[in-house]
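Grab a pencil and work through these exercises with the 3D view open. Try each task yourself before you read the solution.

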Amino acid sequence: MYRKITFVVPEAPAQAAAPLAAQRALGKHGIRLGILDNHKGNADHLLAMIVEGLQGALPIASVVSLRKPTAVLAAPADMLDQLAQEADCVVSAMAD
Amino acid sequence: MSDLGVLLQTAGASFEVDEDHEALNRLCMERGWGDGLPVVPPSSERVERMLAYCDRPWDQPVARIAPRWGEATPIRLAANAVMAGCLPQYFPLVVLAIEAMCEEAFNLYGIQATTHLCAPLMIVNGPVVAELGLNFGHNAMGPGCQANAAIGRAIRLALLNIGGAIPGAGDMATFGAPIKFSYCVAENEAASPWEPLHVERGFPAEASTVTVLGAEAPHNVNDHESISGVGILKMIAGTAAITGSNDATLGGGQPLIIFGPEHAATVAADGYSKADVKRYLFEHAQVPFTHFSDEYIERRLKTRFPERFAAAGLNARVPIAKCAEDFMVIVVGGAGKHSAFTPTFGTTRSVTRALKRRDGEYASSVEEMRRI
């Protein structure tokens, strides 16, 4: 027989994502695609291939492509704000 | 019910279970709570003993740990410290180190998530070293000392369990490194001919501090032959001037030189102050252009730093820090003619924090951190 103990959970839950201010209805003219390049050496090549593939498969109306100043820091707030304003969805990728 | 008992009523904060150590360790492994080694089950009694050394609200976050941005409350930190095998009096240093590495300049987000094999190195200075029995002498960066091992492990468990540095998910390190189990050392202040790290950074000698640095494992500098200060410094500079380190990409890191006491004594006896040592290393620990591949020169050095290298010839050299002051120098270890070079993550700044009482004064003992 073992005695009962209260086990303290050592884990923190992930922060809940902020609720969307508005549902993003896709315009009838197509998808506004955002690209966030993480600044690694080959990210631009990989993302160019992805954009080309998506344009062939989906109605892409526009592409806004931004590059982080450095791979080792999170994207600056103004860059994320621009993507939020100008894109319906964002593809972010790393590629060494 | 104790204060902790009330706080643990929060949904998801705790659960009742049989005190079967083997079953509890299986549970931890299944839920991904740990580093792969057996842990001490964080029962509420053990956690409460740890929290006796925390004089701040137990359920209020002291920091948020990247990349999950999990809230590091004293309760969660204490649970991880128990799991790591900490004695309760170690807990103030665990909290202090977590606070330090969550300062923005440290860039914990990058250090946690990178493909690089770095980890936060914790350097302890001041009276707390003797009080807690931290090892600063022989094998100070190796096994055998509970304080070094358990405090370092508590940090890692918090980075995993609270910060979400889960291998292959939040932590994308290509290899990782053994330093990711525990990486905590104290400076051998008594054997240093120079001012200790915390005094160099403006703290009084009687303050106890923690300095965190996003670093690789140390690389040895074996020099049994040099009997002059400049000879030893030349050998250290040669070891540090390597092509593959992140510091050779001019990211802004602070390369750490860990002098063994014998090397330090020889260098200081020839008149070198700490500032002199840093100046020498800045000028001589530079990587010859010809040591880099042609592709690396073209694609990184000339492309990323055109103002410096676009027109550079093959006689150019790449410094491993932006300025002499960015080199860090400490003295660690026992007898032996060795020192060590510790490259950093690159885009990171070390952070030093002092152990302070609630009234803002420096604590002279961890006993002053007890909850009243």
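**Exercise 1. Find how strand 1 of chain A pairs with strand 1 of chain B, and say how many bridges join them.**

Solution. Keep in mind that you're looking at a predicted model.
- Step 1: pick out residues 4-8 of chain A, which form its strand 1.
- Step 2: follow this strand across to strand 1 of chain B; the two run antiparallel, and five bridges join them.
- Step 3: check one position. A:V8 sits opposite B:S14, a residue of strand 1 of chain B.

**Exercise 2. Work out how many residues each chain brings to the contact, and how much area the two chains bury.**

Solution. 
- Step 1: count by chain. Chain A gives 23 residues and chain B gives 38 residues.
- Step 2: look at the area. About 2,800 Å² is buried between chain B and chain A, with 57% of it on carbon and sulfur atoms.
- Step 3: ask which residues of chain B lose the most area to chain A. They're B:E19, B:W33 and B:R68, and together they make up 19% of what that side buries.

**Exercise 3. Count the salt bridges and the polar contacts between chain B and chain A, then see which elements of chain B take part in the touching side.**

Solution. 
- Step 1: start with the general idea. Side chains of opposite charge can pair when their charged atoms come close.
- Step 2: The cut-off is 4 Å between a side-chain nitrogen of Lys or Arg and a carboxyl oxygen of Asp or Glu. The side chains of A:K4 and B:D18 are 3.2 Å apart, N to O, so they form a salt bridge.
- Step 3: get the totals. There are three salt bridges between chain B and chain A, and 14 residue pairs are in polar contact across the interface.
- Step 4: find the elements. Those of chain B that each supply at least two residues to the side touching chain A include strand 1 (14-18), helix 2 (21-31) and helix 13 (294-304).
- Step 5: sort the residues on that side of chain B. You get 16 nonpolar, 11 polar and 11 charged.

**Exercise 4. Trace the open sheet of four strands in chain B and find which helices pack on it.**

Solution. 
- Step 1: read off the order, 7-12-8-11, with mixed pairing.
- Step 2: spot the edges. Strand 7 (219-222) and strand 11 (328-331) of chain B each pair on one side only.
- Step 3: look at the twist, which averages 25 degrees from one strand to the next.
- Step 4: zoom in on strand 8 (residues 256-259) and strand 12 (residues 338-342) of chain B, an antiparallel pair with four bridges. Here B:I257 has B:F341 as its bridge partner.

**Exercise 5. Explore the loop between strand 2 and strand 3 of chain B, which holds B:P67 and B:W69.**

Solution. 
- Step 1: check the peptide bond between B:A66 and B:P67. That bond is cis, with omega about 5 degrees.
- Step 2: move on to B:W69. Its phi is near 60 degrees, a positive value in a residue other than glycine.

Technical notes:
Residues numbered from 1 in each chain as written. Chains lettered and ligands numbered in written order. Predicted model: local features only at pLDDT ≥ 70, side-chain atom pairs only at ≥ 80, totals over all residues. Heavy atoms only, no water. Contact = heavy atoms within 4.5 Å. Buried area = accessible area lost by both parts, 1.4 Å probe. Polar contact = N/O pair within 3.5 Å; in protein donor to acceptor, adjacent residues only side chain to side chain. Nonpolar A, V, L, I, M, F, W, Y, C, P; charged D, E, K, R; others polar. Pairing = 2+ DSSP bridges. Axes fitted to C-alpha atoms, helices over the stretch in contact; angles between N-to-C directions.
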